[in-house]
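The ligand came first, then the strands.

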Amino acid sequence: MSNFFDTPLSQVAGLQAAKAALLAKEVNIFTYGDLLLYFPFRYEDRSKFYTVAEITEDYPFVQLKGHISSISVLGEGEKRRMTAIFTDGTGDVELVWFKGLDFVANKIRKGVEYILFGKPTLFGKRFNIAHPEMEVFIEGKVQEQLFMPLYNSTERMKKRGLESRGLSQLIKKILPAALPQLQENLPLYLLDKYKLIGKATAVQQIHFPQSPRHLHHAQRRLKFEELFFVQINLLQQQKVLKDKNLGLPLKNIPTLHKFYKEHLPFDLTNAQKRVIKEIYEDVKSGKQMNRLLQGDVGSGKTMVAFICALMAVDNEAQACLMAPTEILAEQHLNSLRPFAEKLGITIERLTGSSKVKERRQIHETLLSGELKILVGTHALLEDVVQFKNLALCIIDEQHRFGVAQRAKLWAKNANFFPHVLVMTATPIPRTLAMTVYGDLDVSVIDELPVGRKPIKTVHKYDSARLEVFGFMRKEIEKGRQIYLVYPLIEESEAMDYKNLMDGYESVARAFPEYPISIVHGQMKPADKDFEMQRFMKAETKIMVATTVIEVGVNVPNASVMVIESAERFGLSQLHQLRGRVGRGAEQSYCVLMTGFKLSKDSRIRIETMVKTNNGFEIADIDMKLRGPGDMTGTQQSGVLDFKIADLGTDQAILQEARKCAAEILEEDAALEKPENQPIQSYLANRKTNNGKVTWSLIS
Ligand code: ADP
Ligand code: MG
């Protein structure tokens, strides 16, 4: 059905066909609807005038009042440009035009009072504003739009008069006809309850805000709407999964009790107890569990995993634990085997390098049900690996496993869907997790075992290298081991590799008396393993490595982590790396080495690391720096392309929207009540075939 919002832009009176085509090509604006949903990316306060004297480089835009004192045209051909000196009595700025010189030359006059608006850049000693917006100042004229919307526009669009202001004028043209056609897609009782303004007003005010307060209401309403529909959609999907997928009910837990009473090596933290309870509630329910377990490095996820595996074993079923690397699988086996043995439970490991004979044995005992817990790598996913009754899959360090792999695990029990527990040490803010892992329930271990000594983190410039080497030597003499990590980033791989090798050589020269390991991505897996093993056995004292050691590795005796070119790492990566130390009883250290010159963001990252050990706090700051789309663990999700909401800054609205969505579905799961009709019809019409909800101005 065609409607007003589908009207092609070419039908806007006075808009040239070429411009309409340009909008389609450059920013995907084809219709009236597209244009109205092209929201400003920010707003400029036009009530404020600056003086030339107070401009600093920090201002993205300034509005000035003054006059032109001189005009000149410089250069030839391509290089031809026009400059003018603009003065307001407190100082001068230089204005520059590279395009449309004749037009500009006709328009600007010396001595006339102008209001000027643009982005200042420092050029030598003077500020320079390229292609400023100018308007003759008229005494007593009230500016009608004090909050100027700024729209994204491309170079090509700007050349054709479709810069921010041009777009704004275009929107102004179609808005009067559009407003009466705009449909409300939230029930009135919700607008009332959450103090939200109507959709038409919101769309009008988002483009032409009357005041900061109006703008705030418009933004809140549209963000709420966007997040609300995403959450309703996610919660519905989750419910379908829950209702449909039956999991083996794991109710009996005698061995678990025995383990608690007789073998538990330490008191569980309250956080561990809480998540174990959450997991137990799930697995005994008869429905399939799909749960994400987030816990900072060292928070004790492995023990939780083992306890959950016992729930399976106690119910005539089996569990598997999958790790991303052989080293980690090995480590898990080594830490779990002693407990399993005490309880008389069989546990084995299966990886790519398991011998044929060993493999056959594992395959057989899995099928007969004799083997209860299997630890391994991707090798677990192979079709030949069949279980008698697999009830629980635990996946460690999830971000290396894709959704497809998760599905493969699901298929390993013909009668039930195995419960899935995904464990990750990359904390992401809870609100983000709710959205990115919308189909998973989330449990959080937000507490470290008591008695841990917080890792001391310091920042050192490269010039202090000798001092750092001296510190390393002292620690080695105390019997500790050291990681020395170099960045390895794809774009500059050859360069990084050279740095790593140079680093290795200089360390070898500085510590001739100690054996040193090196591990990097270009080594064969077997060689890597060999070196890792040497370090684990403390045969080598220093491990020079790239980020291959990032995840999960546990060498309690390694108590110093030195990170070279730390400014080149992301925050969550730095935090992961640091998590490799602080695992034993000794005081641990993390040394972040950088050059002198640091960008603002690098400085914030380094300062954050020095300031806190809390992974969730770090994740929050990381998200603010990078935006949620770049956070580790969120890449595959695709649910983060929001039009107006920002998961970094809009967590409060997200929480509200989530709660609201959950309450509505609780009362009215199928959205059948008449008052929820607007939600139902909007969702029904706006869900794409990949399950996302698209924006629309009609229902
Ligand atoms: P992660 O969550 O990073 O996987 P691990 O499971 O490897 O952490 O645990 C880190 C260390 O803490 C291990 O040596 C483990 O035995 C120990 N640990 C786990 N839980 C507790 C606890 N409640 N009290 C004391 N130590 C614990
Ligand atoms: Mg772990």
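I count a polar contact as a pair of N or O atoms within 3.5 Å. The model is predicted, so I treat each distance as a computed value.

**Entry 1: ligand 1**

I looked up Thr302 first. One of its polar side-chain atoms lies 2.6 Å from an oxygen atom of ligand 1. Next I checked Lys301. Here an N or O atom of the side chain is 2.8 Å from an oxygen atom of the ligand. Ser299 uses its backbone instead: a polar backbone atom there is 3.4 Å from an oxygen atom of ligand 1.

How much of ligand 1 does the protein bury? I found 76% of the 570 Å² that the ligand exposes when taken alone.

I then listed the surroundings. The shell holds 15 residues, and the closest are Gln272, Gly298, Lys301, Thr302 and Arg452. Sorted by class, I get 6 polar, 5 charged and 4 nonpolar residues around the ligand.

**Entry 2: strand S10**

Is S10 buried or exposed? I find 6 of its 6 residues buried, over the stretch 290-295. I also noted which way they point. Asn290, Leu292 and Gln294 point one way, while Arg291, Leu293 and Gly295 point the other way. Both sets are buried.

Which strands pair with S10? I found S15, residues 419-424, in the parallel sense over 5 bridges. I also found S16, residues 441-445, again parallel and over 5 bridges. I wrote down one bridge partner for each. Arg291 has Leu421 as its partner in S15. Leu293 has Ser443 as its partner in S16.

**Entry 3: the sheet of 7 strands**

I traced the strand order as S6-S7-S4-S3-S2-S5-S8. The sheet is open and its pairing is mixed. Which strands sit at the edges? They are S6 (120-123) and S8 (133-136), and each pairs on one side only. Neighbouring strands are turned by 40° against each other on average, with direction ignored.

S2 (residues 62-74) and S5 (residues 113-118) run antiparallel, joined by 6 bridges. On that pair I marked His67, which stands opposite Glu113 in S5.

**Recap**

For the ligand, I keep the Thr302 contact at 2.6 Å and the Lys301 contact at 2.8 Å. For S10, I keep its parallel pairing with S15 and with S16.

Key
Residues are numbered from 1 along each chain as its sequence is written. Chains are lettered from A and ligands numbered from 1 in the order in which they are written. This is a predicted model: local features need pLDDT of at least 70, side-chain atom pairs count only at pLDDT 80 or more; totals for chains, interfaces and linings use all residues. Side-chain values use heavy atoms; hydrogens and water are left out. Buried means under 20% relative accessible area, exposed over 50%, partly exposed in between (1.4 Å probe, protein chains only). Helices (H or I, at least four residues) and strands (E, at least two) are DSSP runs, numbered from the N terminus. Two strands pair if DSSP finds at least two bridges between them. A residue is near a molecule or strand if one of its heavy atoms lies within 4 Å of it. A polar contact is a pair of N or O atoms within 3.5 Å; within protein, one must be able to donate a hydrogen and the other to accept it, and residues adjacent in sequence count only if both atoms are side-chain atoms. Accessible areas come from the Shrake-Rupley method with a 1.4 Å probe; for residues, only the protein chains shown count as cover. Ala, Val, Leu, Ile, Met, Phe, Trp, Tyr, Cys and Pro count as nonpolar, Asp, Glu, Lys and Arg as charged, and the others, Gly among them, as polar. Axes are lines fitted to C-alpha atoms, for helices over the stretch in contact, and angles run from 0 to 180 degrees between N-to-C directions.
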